[in-house]
Amino acid sequence: MSLQKVYEQYKDRADFWWVYIREAHPTDSSRPARHVQIEQPKTFLRRKEVASQCSSGLKLSIPCVVDDMKDTVSRAYDAMPDRLYILDAKSNIAFKGGRGPRSFSVDEMENALKSLLAKAEKPKAEKE
Amino acid sequence: MMRTILTLVVFTLTGHLFAQDPSRRPVDSDGDGKISRKEFSGPGELFQRFDVNQDGFIDEKEREAMRAARRQGGRGGFGGVQGMPMREFFHTLDTNNNQQISKGEWELLCKADDFKKADTDKSGYITPRELFLFLGMGQGDRSGGFRPGRGGARERPDRGPAVGSPAPKVAAKTMADEKTIDLSKVMRTTVLVFGSYT
């Protein structure tokens with residue numbers, strides 16, 4: 001399942017943030033990507049522009065936050081080049097996906113999300 | 001653990017052979033391209049270990065393995081695999097260059113007990129993929145994935161927060177209006193998707 005689909009399916013029950021981080025294969029790197037040609041953004045403004053291009057280019061409507069130029073968030077989560085995490089309602093890490101591109105798995109994340117939501121919503125349903 | 005063992009093995013070998021003064025290094029004094037037992041100044045046990053095909057000479061290929069052991073020793077052991085690409089290590093062990101490591105080749109530099117562990121399909125030979133997995137570089141779900149010189153050897157340690165630990169105290173600004181979002185305090189289950197365009 002694609003990320004966008006997972007987002008659409010669960011966005012009422014969970015929050016989603018897409019964290020735009022440093023480009024993994026920009027044109028000015030040793031291994032530039034072929035499918036899109038982007039130079040590594042040098043300013044936050046430019047990074048925001050690329051993030052927005054990326055959003056539309058990948059047809060993702062997940063709300064986007066942009067990591068700062070020191071890659072604070074990306075470093076904290078060891079997220080390069082791409083990665084999935086789920087935080088629970090207590091702000092603890094509930095699921096940690098593998099590092100992309102090899103271990104990046106939307107399906108794995110969706111399964112975790114599904115069981116997490118089921119667990120979280122069950123006590124509530126019983127009370128009602 | 002494995003790395004420690006390898007480091008120790010390599011250290012033991014190199015310690016014997018090369019920690020001594022240079023004149024004790026094996027020298028091909030008659031220039032025939034291989035080292036005979038006579039030309040080898042180290043202990044006989046070591047000679048036998050390096051003479052993989054047991055023909056009484058350490059030939060060029062076997063010398064290469066010896067040099068590799070020495071290089072690794074100088075660099076502080078089997079440098080966490082970061083020091084030595086998998087491919088290079090495989091070729092070092094594969095002294096007859098048939099793309100398989102036999103038991104004899106393995107025992108040249110590695111612990112004999114580990115051969116069984118590494119030879120997962122019990123074929124009597126270790127393939128590059130088996131070595132790759134044995135060295136703990138096959139984590140992740142890459143299938144059929146031995147790509148020499150790429151990936152595994154450069155695997156970084158994972159510094160991401162573990163499941164169950166509190167979310168790192170970081171924040172980021174939204175793309176649209178630069179509102180700061182505190183990612184360490186969420187209201188409900190939150191999915192974080194990290195990525196870039198490329």
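This report describes the two chains of a predicted model, their contacts with each other and selected local features.

## Basis of the description

The model is predicted, and local features are given only at pLDDT of at least 70, side-chain atom pairs only at pLDDT 80 or more, while totals for chains, interfaces and linings use all residues. Residues are numbered from 1 along each chain as its sequence is written, and chains are lettered from A and ligands numbered from 1 in the order in which they are written.

## Architecture of the chains

Chain A contains four helices and four strands; helices (H or I, at least four residues) and strands (E, at least two) are DSSP runs, numbered from the N terminus. From the N terminus on, the order of these elements is α-β-α-β-α-β-β-α. Of the 128 residues of chain A, 33% are buried, a residue being buried if 20 or more other C-beta atoms lie within 10 Å of its own, exposed if 12 or fewer, and partly exposed in between, with C-beta atoms placed from the backbone. Contacts join residues whose C-beta atoms, placed from the backbone, lie within 7 Å. Among the contacts in chain A between residues at least 6 apart in sequence, 46% link residues at least 24 apart.

Chain B has seven helices and five strands, and along the sequence these follow the pattern α-β-α-β-α-α-α-α-α-β-β-β. Its 198 residues are buried to the extent of 30%. Of the contacts in chain B with a separation of 6 or more, 47% are between residues 24 or more positions apart.

## The interface

In the interface, 61 residues of chain A are in contact with 36 residues of chain B. On the side of chain A that touches chain B, at least two residues each come from strand S1 (15-20), helix H2 (44-57), strand S2 (64-66), helix H3 (72-76), strand S3 (83-87), strand S4 (93-96) and helix H4 (106-127). H2(A) gives the most, with seven residues. By class, this side of chain A comprises 38 nonpolar, ten polar and 13 charged residues; Ala, Val, Leu, Ile, Met, Phe, Trp, Tyr, Cys and Pro count as nonpolar, Asp, Glu, Lys and Arg as charged, and the others, Gly among them, as polar.

## Strand pairing between and within chains

Strands of the two chains also pair, a pair requiring at least two bridges found by DSSP. S1(A) runs parallel to strand S5 (residues 190-195) of chain B, with six bridges between them; here Tyr20(A) has Gly195(B) as its bridge partner. S2(A) pairs in the antiparallel sense with strand S3 (residues 171-174) of chain B over two bridges, and Val65(A) stands opposite Thr174(B).

Within chain B, S3(B) is in turn paired with strand S4 (residues 180-182), antiparallel and over three bridges. Lys173(B) stands opposite Thr180(B) in this pair. The hairpin of S3(B) and S4(B) has five residues between the strands, and among them Glu178(B) takes a positive phi near 55 degrees.

## Helix H2 of chain A

The 14 residues of H2(A) should span 20 Å at 1.5 Å a residue, and the end C-alpha atoms are 19 Å apart, which agrees; the expected span is 1.5 Å times one less than the number of residues. The buried residues of H2(A) are Arg47(A), Val50(A), Ala51(A) and Cys54(A). Seen down the helix axis, these buried residues fall within an arc of 105 degrees, so they line one face of H2(A); the arc is that of the directions from the helix axis to the C-beta atoms.

The cover over the buried residues of H2(A) includes S1 and S2 of chain A. The face turned away from the buried side carries the exposed residues Leu45(A) and Ser56(A). Just after H2(A), Lys59(A) takes a positive phi of about 55 degrees.

## Backbone features in the loops

Two cis peptide bonds deserve mention. One joins Met80(A) and Pro81(A), with omega about -5 degrees, and Pro81(A) is in the loop between H3 and S3 of chain A. Another runs from Gly100(A) to Pro101(A), with omega near -10 degrees; Pro101(A) is placed in the loop between S4 and H4 of chain A.

Ser91(A), a residue other than glycine, has a positive phi near 65 degrees and lies in the loop between S3 and S4 of chain A. With 17 other C-beta atoms within 10 Å, Ser91(A) is partly exposed. In chain B, phi of Gln99(B) is positive, near 65 degrees, and this residue lies in the loop between helix H4 (86-93) and helix H5 (103-109). Gln99(B) counts as exposed, with 11 C-beta neighbours inside 10 Å.

Technical notes. Two residues are in contact if their C-beta atoms, placed from the backbone, lie within 7 Å.
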